[in-house]
Amino acid sequence: MSVFDSPAFENHEGVHSVFDEKTGLKAIIAVHSTARGPAAGGCRMWPYASGEAALTDALKLSRAMSYKNAMADIPLGGGKAVIIGDSRTDKTPALFEAFGRAVDGLGGRYWTAEDVGVSPADLAHARKHTRFVAGLDGHPAASGDPSPVTAEGVFRGVRLCVERAYDRDLKGVTVAIQGVGHVGAWLADKLHAAGARLIITDVNPAALAQVAGRTGATIVAPDAIFDAEAEVFAPCALGGALNADTLGRLKGRVVAGAANNQLASPDVGQLLFERGRLYAPDYVINGGGIINVAAEIAALEASAAFDPAWVESRLQRLMTTLGEVLDRSIVERRPTHEVADELAKARIAGAEAARRAA
Ligand code: NAD
């Protein structure tokens, strides 16, 4: 199958296959759009069963980054890199150096960062050959762990959804959090401080014990989280949490959490809407992390220091956008994910038109 025939192609500006015989690097760097600025998105290392599977993943993830960056209204387009390999056994410094050379070859059209299977230590090897790497520590522009900022955005997003769906604040509202890792744990602390009651689950007992100790949260088994008596379900673990079975079990009206790709398939967004659930589109509500990364890229480009005030202003704007998506969904009687996709596409098309006119 050619790139152009892939169902995930969606008008990518560039799709770059990278092979380095010496190190065994096999990677795909997908650049969906640079209309709003250089494409930015993490690098994932995964043992894909085939080149086609890697291509499909790269294209889907890259397009998703375009949408996420457009909704966060940051001056970045969407891209993603995937390295074909097992991150537990196939990593070498030379492999990431070769990846760095490939990123550099794109001349700044793509900025890379961490994603599944790739750590800051790996990216430090890539950085030896390119400056287009975000997410490294030890310099004034460094943005650090994005999780607290992601959690702050999700917290504000949950509050907004509860206002829309229940016309009340968070005091006394019960939130069921699936996954109390980096983002979920911060989110739990913020919700607890705002007076919410928590029901939490995770497959990691130590993480559960820590969060429950701090917040008084009730712990339930992983599968029981879908049946929790809670106004809000906050998926903060892996993707695909929402499917026809699980959404039928949810008790509350709000679904709002940090996880990427929460809908197992697009029709689940329609089902959520038909069943009266207010769903905060994942790539909108979890945009805090990429805003943090964008601040680092801006600082690196300007040889300046990281600017937390810029992050806060974009976070506020992100919440305005989320509010617009929720309101339009209610007024136009359409699922939120549809409204969000439409808005993201319009923002990208607007930037593309401005670029052509310039
Ligand atoms: P993490 O790995 O730190 O946390 C995920 C947690 O989910 C872990 O504690 C894990 O044990 C738990 N988990 C895994 N499977 C589970 C299951 N079946 N049931 C219950 N718990 C389970 O990851 P994170 O950085 O906190 O990110 C959480 C989600 O948010 C991911 O989907 C990630 O892609 C997304 N996200 C994160 C950021 C960020 O800034 N970290 C930004 C945007 C989106």
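My entries follow, beginning with the ground rules.

**Ground rules.** I am working with a predicted model, in which local features need pLDDT of at least 70, side-chain atom pairs count only at pLDDT 80 or more, and totals for chains, interfaces and linings use all residues. Residues are numbered from 1 along each chain as its sequence is written, and side-chain values use heavy atoms, with hydrogens and water left out.

**Helix α10.** I took helices (H or I, at least four residues) and strands (E, at least two) as DSSP runs, numbered from the N terminus. The expected span here is 1.5 Å times one less than the number of residues.

Next I asked how many residues of α10 are buried. I found 11 of the 14, so the helix is largely enclosed by the rest of the structure. Buried means under 20% relative accessible area, exposed over 50%, and partly exposed in between, with a 1.4 Å probe and protein chains only. Among the buried ones I noted Asn-292, Val-293 and Glu-296. The buried residues of α10 pack against β3 (39–40), α1 (51–71), β6 (110–111), α4 (147–166) and α11 (308–332); contact means heavy atoms within 4.5 Å. After the helix I came to Ser-303, whose phi is positive, near 50°.

**Ser-143.** I located this residue in the loop between α3 (120–127) and α4. Its relative accessibility is 11%, so Ser-143 counts as buried. Leaving aside neighbours within four places in sequence, Ser-143 is in contact with Asn-292, Val-293, Glu-296 and Phe-306. With Glu-296 there is also a side-chain to side-chain polar contact at 2.6 Å. A polar contact is a pair of N or O atoms within 3.5 Å; within protein, one must be able to donate a hydrogen and the other to accept it, and residues adjacent in sequence count only if both atoms are side-chain atoms.

I read 22 residues in α12 (residues 336–357), with 32 Å from first C-alpha to last, close to the 32 Å expected. Its buried residues include Val-339, Leu-343 and Ala-344, and their cover includes α1, α8 (266–274) and α11. In α11 I picked out Thr-321, which counts as buried because its relative accessibility is 4%. Not counting residues up to four places away in sequence, Thr-321 touches Met-71, Leu-343 and Arg-347.

**Ala-196.** Last, I found Ala-196 in the loop between α5 and β8 (197–201). It counts as buried at 7% relative accessibility. With residues up to four places away set aside, Ala-196 touches Leu-170, Gly-172, Val-173, Val-175 and Leu-191.
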